[in-house]
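Welcome! Here is a short tour of one protein structure, written for someone meeting it for the first time. Have a look at the sequence and the model, then read on.

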Amino acid sequence: MEEHFSDQVGPIMDERQAAQAALELEGKPPEQMLAWAIERFGRGLGICSSLQAEGCALIDMAWRIDPAVRVFTIDSGRLPEETHDLIGRIRDHYGIRIDVYLPEASTVEGMVGRHGNNLFRQSVELRLMCCQVRKVLPLKRALLNYRAWVTGLRRDQSVTRANIRRLEIDRDHGGILKLAPLADWTERDVWDYVRRNEVPYNALYDQGYKSIGCAPCTRPVAEGEDARAGRWWWETGAAKECGMHCAIESGSFQRRIDATLDPDGGGR
Ligand code: SF4
């Protein structure tokens, strides 16, 4: 079983310290930021990779700094086969362990029993519920094991990500530190790195995909189309986010989920 850092209560850096660190790391390349985080947090640092090109580049960078760096991913249970293949290829390529966090079986059973496997097609609310159960809650559980985590978020991926900070206290996850070393990279910067360093990447990119999530909720995009246009493409007006990196709604959403999953509770 993994080490557990959750008994170290409270923020590991306060707002002032985080602001100071952000200032020191301002304009520094992602590798330098990762080196700082690895030195500062050691085994308390986790690279969270969704196995997209950004996450693969980060694994490569971090591994070059410390081959023992901890890497984890969330497996929603609906990932494409190509993503599972990639997990195996990354393990083989770097000789690393990747911790895979799955949704709680009983919660998935409750949700699917009430709403069906493909509930995400029925409404935005049910789609968000599926993301909550299959992604957001496993992430919360995973992050209990870390004092700082690294994501592959970039500002130019979508309007919802335009204000991402490279380093911040993550209030949604117990005040641990959240880093986005690639925040100011472009898609081209990522692919230049991946090609230059022969980083393993998801085979779906070669089939026209630009952003890869769960199989039923991701499709290829046309040339010139927004990278995230292939995610939940049937929805109009909803943020193309699953809630892992931003609270989609307030606590009332969680209460509605709890009520819906409660066998004696309300329906949808
Ligand atoms: Fe469910 Fe689709 Fe969200 Fe995956 S992306 S968790 S299948 S709604």
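Arg171 and Glu15 join their side chains in a salt bridge, 2.9 Å from N to O; a salt bridge here is a side-chain nitrogen of Lys or Arg within 4 Å of a carboxyl oxygen of Asp or Glu. Because Arg171 sits in the loop between β5 and β6 (176-179) and Glu15 in helix α1 (residues 15-25), the pair ties together parts that are 156 residues apart in sequence. Helices (H or I, at least four residues) and strands (E, at least two) are DSSP runs, numbered from the N terminus. Glu15 counts as partly exposed, at 42% relative accessibility; buried means under 20% relative accessible area, exposed over 50%, and partly exposed in between (1.4 Å probe, protein chains only).

A word on the background: this is a predicted model, in which local features need pLDDT of at least 70 and side-chain atom pairs count only at pLDDT 80 or more, while totals for chains, interfaces and linings use all residues. Residues are numbered from 1 along each chain as its sequence is written, and side-chain values use heavy atoms, with hydrogens and water left out.

How many salt bridges does a search of the whole structure find? The search finds 10. One of the salt bridges is formed by Glu235 and Arg127, whose closest N and O atoms are 2.9 Å apart. Glu235 lies in the loop between α7 and α8 and Arg127 in helix α6, so this pair ties together parts that are 108 residues apart in sequence. Glu235 is buried at 10% relative accessibility, and Arg127 is buried with a relative accessible area of 1%.

Glu187 and Lys210 also meet through their side chains in a salt bridge, 3.7 Å from N to O. This pair links distant parts of the chain, with Glu187 in helix α7 and Lys210 in the loop between α7 and α8, 23 residues apart. Glu187 is partly exposed, with a relative accessible area of 29%, and Lys210 is partly exposed with a relative accessible area of 29%.

## Around Asp156

Asp156 is found in the loop between β4 (148-150) and β5 (167-170), and it counts as partly exposed at 45% relative accessibility. The side chain of Asp156 makes a polar contact with the side chain of Arg154, at 2.3 Å. A polar contact is a pair of N or O atoms within 3.5 Å; within protein, one must be able to donate a hydrogen and the other to accept it, and residues adjacent in sequence count only if both atoms are side-chain atoms.

Which residues does Asp156 touch, not counting those up to four places away in sequence? They are Trp185, Thr186 and Glu187, where contact means heavy atoms within 4.5 Å. Asp156 and Ala183 are 27 residues apart in sequence, and their C-alpha atoms are 8.1 Å apart in space.

## A buried arginine without a salt bridge

Arg134 belongs to helix α6 (residues 124-143) and is buried, with a relative accessible area of 8%. Arg134 has no salt bridge, and the nearest side chain of opposite charge, Asp75, is 7.3 Å away; Lys and Arg count as positive and Asp and Glu as negative, with His and the chain ends not counted.

What lies 2.7 Å from a polar atom of the side chain of Arg134? It is the backbone oxygen of Ser76. Leaving aside neighbours within four places in sequence, the contacts of Arg134 include Ile74, Gly77, Pro103 and Met111. Arg134 and Ile74 are 60 residues apart along the chain, and their C-alpha atoms are separated by 8.4 Å.

## Two residues with positive phi

Leu51 is not a glycine, yet its phi is positive, about 65 degrees. Leu51 lies in the loop between β1 (45-48) and α3 and counts as buried at 2% relative accessibility.

Glu198, another residue other than glycine, has a positive phi near 50 degrees. Glu198 is placed in the loop between α7 (187-196) and α8 (251-261), and it counts as exposed at 64% relative accessibility.
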